[in-house]
Amino acid sequence: MLTLLKLLKDGRFHSGQALGAALGISRSAVWKQLQHLEADLGLSVHKVRGRGYQLAKPLLLLDSTEICAKGLHEWPVHIFDSIDSTNAEALRFIERGGAAPFLVLAERQVAGRGRRGRKWVSPFAENLYHSLVLRIDGGMRQLEGLSLVVGLAVMHVLRDMGVAGAGLKWPNDVLVGKKKIAGILLELVGDPADVCHVVLGVGINVNMQSTDEVDQQWTSMCLEAGRNFDRNELVARLGARLQQYLELHHASGFAAIQPEWEQYHLWQGRAVSLIAGVNKIDGIVLGVDHQGALRLKVDGVEKNFSGGELSLRLRDDS
Ligand code: BTN
């Protein structure tokens with residue numbers, strides 16, 4: 001089915017006969033595969049008698065040669081047409097003894113994972129689903145504030161590419177105004193005090209223009225900038241920004257990045273509720289500490305909070 005898609009991706013008309021000949025199948029088998037493309041991948045195909053078949057809009061698929069040509073040479077890149085989750089695949093690769101660093105990308109995820117057990121909506125060939133795996137052998141310090149650092153790198157790439165309003169929300173959401181444009185999910189395997197691997201999962205809404213499936217306010221690069229983006233270029237640029245910030249973090253720790261992170265934090269000084277399961281703590285955002293923990297003023301006293309299950313809401317969100 002995906003071989004057929006690759007023949008159609010130029011957005012031109014292709015006759016059923018030519019497609020059948022290229023795939024070594026009958027015209028009716030081509031027809032069946034087209035039905036699956038539409039049903040399974042949500043793609044729209046024009047069918048015109050006498051001309052053949054044409055994708056409603058051309059597709060620019062992920063391509064490791066393109067990504068390399070655009071400047072990313074540091075990490076081996078594994079690209080999947082369809083996968084449960086790039087983070088899950090990265091973890092399986094480590095378990096099989098795969099050597100880090102490496103990068104896993106996919107055109108779609110059928111079980112994309114978000115923070116706090118949520119799903120990450122991952123339609124085919126529209127967005128970026130990106131898991132970079134690093135080997136950590138320098139102890140806990142190498143993990144402190146790491147997810148915030150990844151958020152900062154992602155935010156810079158979005159700004160570099162024209163999404164001027166991108167900013168941060170603790171711990172690692174990237175927003176434009178109140179709408180989420182990117183999310184980050186770190187998963188760890190091994191002993192953080194000794195040697196471990198960390199999967200830096202990044203999801204960016206790139207060319208997605210509509211979906212009923214996302215249960216929070218969202219936007220995409222395309223909706224913000226009014227044009228489509230080349231995801232191969234995005235991968236290469238994200239690689240460069242990640243390298244820049246990961247090197248700084250490795251050399252100097254999160255303390256060196258904390259002032260810049262706070263500068264781009266959209267909720268500095270805002271009245272918030274911190275949600276931890278059934279508990280809710282009201283406070284004013286002071287910033288983050290040198291480990292990336294949230295600093296809140298609660299009843300006049302500064303308190304620090306960290307943990308993967310925490311989430312923030314604005315209190316004056318009218
Ligand atoms: C969040 O809830 O904000 C985090 C979303 C993280 C989504 C990305 S997409 C690539 C990687 N693979 C996954 O299954 N999740 C992350």
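1. Strands β1 (residues 45-48) and β2 (residues 52-55) run antiparallel and are joined by 4 bridges. Two strands pair if DSSP finds at least two bridges between them. Strands are DSSP runs of E, at least two residues; helices are runs of H or I, at least four; both are numbered from the N terminus. Val48 has Gly52 in β2 as its bridge partner. The two strands form a hairpin, with 3 residues between them. Gly50, in the turn, has a positive phi of about 90 degrees.

2. A word on the basis. This is a predicted model, where local features need pLDDT of at least 70, side-chain atom pairs count only at pLDDT 80 or more, and totals for chains, interfaces and linings use all residues. Residues are numbered from 1 along each chain as its sequence is written, and side-chain values use heavy atoms, without hydrogens and water.

3. An unreviewed UniProt entry places a "binding site" at residues including Asn87, Gln109 and Arg113. Such annotations may be inferred rather than shown by experiment; positions follow the numbering used here, and feature names are shortened.

4. Asn87 sits in helix α5 (residues 86-95). Asn87 counts as buried because its relative accessibility is 5%. Buried means under 20% relative accessible area, exposed over 50%, partly exposed in between (1.4 Å probe, protein chains only). Not counting residues up to four places away in sequence, Asn87 touches Arg113, Ser131, Leu185, Glu187, Val199 and Gly201. Contact means heavy atoms within 4.5 Å.

5. Gln109 lies in the loop between β4 (102-106) and β5 (128-136). Gln109 is buried too, at 9% relative accessible area. Leaving aside neighbours within four places in sequence, its contacts include Ser85, Thr86 and Trp120.
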